[in-house]
Amino acid sequence: VVAADDGPMEQTLEAIDHAKAANVPMLVALNKIDKPNADPRMARQKLATAGVMVEDWGGEVGIVECSATTGKNLEQLVERLALETEILELRADPNVPARGVVVDSRKDPKLGIVATVVVKNGTLRAKDAILAGSAVGRVRYLLDDQERRVEEAGPSMPVQVLGFETPPEAGSELVAVGPLAVPGL
């Protein structure tokens, strides 16, 4: 996600580097196009400088201009994601232990360590033992995007995970090993 009024920020550039290193396809959601100071051309130029050539500039990376505030083109973004998934034949197996990626983490004074995770494959469940980089824990509970408690998170579902002993690093791979009896967790 890139803001049309700022272009890619440092964290986005880091995510681009990770995506390139992993040789995974990218799709750019160019957000905030509704803002008066939005400059989609500048954002595309900064993306090109970072080595991301979007399709309408002769590259291979898809881009959808949208606004999370007004909802403009969000349906097209979802359609584009579905198309990319179909073309690339991306499939996930919900019947295996979860693997995902940590988007961010923080220490909440009331909740403890909270990590936002997107499950890539498998299903993450309450009580699963988890590992992300050097951070370990056991899932106490999961919160969905509406901050409602859920029992499990399947493929492509973003959730907040409570139960890590220390905050995992953003970008680290999350691995669940199921509800095992792990001493100390």
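1. Which side chains meet in a salt bridge at 2.9 Å, N to O? They are those of Asp-5 and Lys-35, where a salt bridge is a side-chain nitrogen of Lys or Arg within 4 Å of a carboxyl oxygen of Asp or Glu. Asp-5 sits in the loop between β1 (2-3) and α1 (10-21) and Lys-35 in the loop between β2 (27-31) and α2 (40-49), so this pair ties together parts that are 30 residues apart in sequence. Helices (H or I, at least four residues) and strands (E, at least two) are DSSP runs, numbered from the N terminus.

2. This is a predicted model, in which local features need pLDDT of at least 70 and side-chain atom pairs count only at pLDDT 80 or more, while totals for chains, interfaces and linings use all residues. Residues are numbered from 1 along each chain as its sequence is written, and side-chain values use heavy atoms, with hydrogens and water left out.

3. Asp-5 counts as buried at 14% relative accessibility, whereas Lys-35, at 33%, counts as partly exposed; buried means under 20% relative accessible area, exposed over 50%, and partly exposed in between (1.4 Å probe, protein chains only).

4. Arg-99 forms a salt bridge with Glu-173, their closest N and O atoms being 3.0 Å apart. This pair links distant parts of the chain, with Arg-99 in strand β4 (residues 99-108) and Glu-173 in strand β12 (residues 173-176), 74 residues apart. Arg-99 is partly exposed at 38%, and Glu-173 is partly exposed at 39%.

5. The structure holds 10 salt bridges, including one between Arg-106 and Asp-108 (3.2 Å, N to O).
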